[in-house]
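Please find below a short note on the structure, arranged as numbered points. Each point takes up one topic and may be read alongside the sequence and the coordinates.

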Amino acid sequence: MRNVRVYEEAWPLHTPFVIARGSRSEAKVVVVELEEDGVKGVGECTPYPRYGESIASVMAQVMAIGEQLEAGLTREQLQRPGAAAWRMLPAGAARNAIDCALWDLQARREGKTLAQLLGVALPNRVITAQTVVIGTPDQMAASAAALWQAGAQLLKVKLDDRLISERLIAIHQAAAEGTPVVASA
């Protein structure tokens, strides 16, 4: 028998994350813990309202297959089209959190990293886009400069329908030569 725990966590952001659809100062996630024979696998997800998800709806989706999870539902069973778990759990945040917890549980049970379990080599280096959130041109330029100073190599710029040229010119002037900048709404 497997123990299943589902709960919400909120993580404060260093600075508010501002995009065209709104602003937030914390990241709320749903955590799924699966414990079996003293080994715990953990997965998490971020529900997105724009996809009809909320913390409550995602937690309810996870608990809808709680008995199957407690009975030992596997990744293969979760991912099999037409299976009960597949039909009850649409693609989205809840399925993601459960899938991640099942992968983590399997890797930990076998005493392996996820890369070892999958038989893949991890890259030595991964370039991650750092986001410049919406603000005045000067604020965005300062944010880009600070990110570049901190080692960013790829900037993703959030924009709305105002001051687009002014913001991008200010960021371009503040960013290091050769730093790729990608604009996004």
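1. Helices and strands are named here as DSSP runs, numbered from the N terminus, a helix having at least four residues and a strand at least two. The model under discussion is a predicted one.

2. The first topic is the main core. The largest nonpolar core contains 22 residues. Those with the most contacts inside this core are Val32, Leu34, Val62, Ile65, Leu69, Leu78 and Ile98. Two or more residues each come from strand E1 (3–19), strand E2 (22–36), helix H1 (55–64) and helix H5 (93–109). Of the contributing elements, H5 gives the most, namely 7 residues. As general background, nonpolar side chains tend to be buried together in soluble globular proteins.

3. Which residues does leucine 69 touch, not counting residues up to four places away in sequence? They are Arg2, Val4, Leu34, Val62 and Ile98. Leu34, Val62 and Ile98 are also listed among the residues with the most contacts inside the largest nonpolar core. Apart from this core lies another, of 10 residues, which includes Val132, Ala152, Val157 and Ala175.

4. The next topic is a pair of helices. The axes of helix H7 (residues 137–149) and helix H8 (residues 164–174) come within 8 Å and cross at roughly 30°. H7 is therefore roughly parallel to H8, because angles under 35 degrees count as roughly parallel. The crossing of the two helices is right-handed. On the H7 side, the contact is made by Pro137, Met140, Ala141, Ala144 and Ala145. H8 contributes Glu166, Arg167, Ala170, Ile171 and Ala174. By class, the residues of this contact comprise 8 nonpolar and 2 charged, with no polar ones.

5. Two backbone angles deserve a comment. Most residues other than glycine have a negative phi. Aspartate 37, although not a glycine, has a positive phi of about 55°. This aspartate 37 is placed in the loop between E2 and strand E3 (39–45). Is aspartate 37 buried or exposed? Aspartate 37 counts as exposed, because its relative accessibility is 64% and the cut-off for exposed is over 50%.

6. Leucine 163 likewise is not a glycine and has a positive phi, of about 50°. Where is leucine 163 found? Its place is the loop between strand E5 (155–158) and H8. With a relative accessible area of 37%, leucine 163 is partly exposed.

Methods
Residues are numbered from 1 along each chain as its sequence is written. This is a predicted model: local features need pLDDT of at least 70, side-chain atom pairs count only at pLDDT 80 or more; totals for chains, interfaces and linings use all residues. Side-chain values use heavy atoms; hydrogens and water are left out. Axes are lines fitted to C-alpha atoms, for helices over the stretch in contact, and angles run from 0 to 180 degrees between N-to-C directions. Angles under 35 degrees count as roughly parallel, over 145 as roughly antiparallel, 65 to 115 as roughly perpendicular and the rest as oblique. A crossing is left-handed if the near helix is turned anticlockwise from the far one by less than a right angle, and right-handed if clockwise. Contact means heavy atoms within 4.5 Å. Ala, Val, Leu, Ile, Met, Phe, Trp, Tyr, Cys and Pro count as nonpolar, Asp, Glu, Lys and Arg as charged, and the others, Gly among them, as polar. A nonpolar core is a set of buried Ala, Val, Leu, Ile, Met, Phe, Trp, Tyr and Cys residues joined through side-chain atoms within 4.5 Å. Buried means under 20% relative accessible area, exposed over 50%, partly exposed in between (1.4 Å probe, protein chains only).
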